Amino acid sequence: MSTVNGLPAHILFVHFIVVMAPLTAILVVLCSVWPAARRRLVWLSLALAAVTAALTPLTTDAGEWLEKHVARSAAVHTHTELGDTMIYFSVALLLAAMAVAAVQLRERKSEPSRPLTLIVALLAVVVAVGTVIQVYRIGESGSRATWNDAVTANSAP
């Protein structure tokens, strides 16, 4: 997909990722460390992780289309390279959400395994922190690629 209503699709998809990836990361961590939240929100966090993982390649594909329609620069190249790594973080977030859901299913059937729950919680925290940091890095590089020269060129002397 290249454009939506005349706007580059990447610009629209990016906003979903910027909101959903950190929100999902927070929910996955919350579900991994708090049993009451896990019972209530584990399926929502799993669904959001699946949607995030599905939207990530759409966003990067739309970004690759956009890259071919803007001026080449080091900032655009950096943003593109960082953006290509987001799929790994989205898939890791989905796997962490699946692990938390597995803990929930296990707890419903039998006595909770404290070591397993702790390992999954640690995994969820590491993946969530990495995901949020990577979303920031990608977004920051994208904003630099888009706005850095525009702001500098229009600055008052």
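1. A crossing of two helices is called left-handed if the near helix is turned anticlockwise from the far one by less than a right angle. That term is needed below for two helix pairs. The model under review is predicted.

2. Overall make-up. The protein chain contains five helices and two strands. Read from the N terminus, the order of elements is β-β-α-α-α-α-α. The C-alpha trace spans about 65 × 35 × 20 Å along its principal axes. Of the 157 residues in the protein chain, 39% count as buried. Taking contacts between residues at least 6 apart in sequence, 77% join residues at least 24 apart.

3. Helices α2 and α4. Two packed helices are described by the angle between their axes and the distance between the axes. For helix α2 (residues 35–67) and helix α4 (residues 86–109), the packing angle is about 155° and the axes are 9 Å apart. Angles over 145 degrees count as roughly antiparallel, so α2 is roughly antiparallel to α4. The crossing of α2 with α4 is left-handed. In the contact of α2 with α4, 17 residues are nonpolar, five are polar and three are charged.

4. Helices α1 and α4. Helix α4 also packs with helix α1 (residues 9–33): the axes of α1 and α4 come within 10 Å and cross at roughly 30°. Since angles under 35 degrees count as roughly parallel, α1 and α4 are described as roughly parallel to each other. Here too the crossing, α1 past α4, is left-handed. On the α1 side the contact involves Ile-17, Ala-21, Thr-24, Ala-25, Val-28, Cys-31 and Ser-32, and on the α4 side Met-86, Leu-93, Ala-96, Ala-97 and Val-100. The residues of the contact of α1 with α4 comprise 10 nonpolar, two polar and no charged.

5. Val-103. This residue belongs to helix α4. Val-103 has a relative accessibility of 4%, so it counts as buried, the cut-off being under 20%. Apart from neighbours within four places in sequence, Val-103 is in contact with Arg-38, Leu-116, Thr-117 and Val-120. Between Val-103 and Cys-31 there are 9.9 Å from C-alpha to C-alpha, with the two residues 72 apart in sequence. Cys-31 is one of the α1 residues that meet α4.

6. Ser-141. What does the side chain of Ser-141 make a polar contact with? The partner is the side chain of His-79, at 3.0 Å. Ser-141 is placed in helix α5 (residues 114–154). The relative accessible area of Ser-141 is 6%, and the residue is therefore buried. With residues up to four places away in sequence left out, Ser-141 touches Ala-75, Thr-78, His-79 and Leu-82.

7. Asn-5. Most residues other than glycine have a negative phi. Asn-5 has a phi near 55°, a positive value in a residue other than glycine. Where is Asn-5 placed? Asn-5 is in the loop between β1 (3–4) and β2 (7–8). Is Asn-5 buried or exposed? With a relative accessibility of 83%, Asn-5 counts as exposed, because the cut-off for that class is over 50%.

Key. Residues numbered from 1 in each chain as written. Predicted model: local features only at pLDDT ≥ 70, side-chain atom pairs only at ≥ 80, totals over all residues. Heavy atoms only, no water. Axes fitted to C-alpha atoms, helices over the stretch in contact; angles between N-to-C directions. Helix = DSSP H or I, 4+ residues; strand = E, 2+ residues; numbered from the N terminus. Parallel < 35°, antiparallel > 145°, perpendicular 65-115°, else oblique. Nonpolar A, V, L, I, M, F, W, Y, C, P; charged D, E, K, R; others polar. Buried < 20%, exposed > 50% of the residue type's maximum accessible area, 1.4 Å probe, protein only. Polar contact = N/O pair within 3.5 Å; in protein donor to acceptor, adjacent residues only side chain to side chain. Contact = heavy atoms within 4.5 Å.
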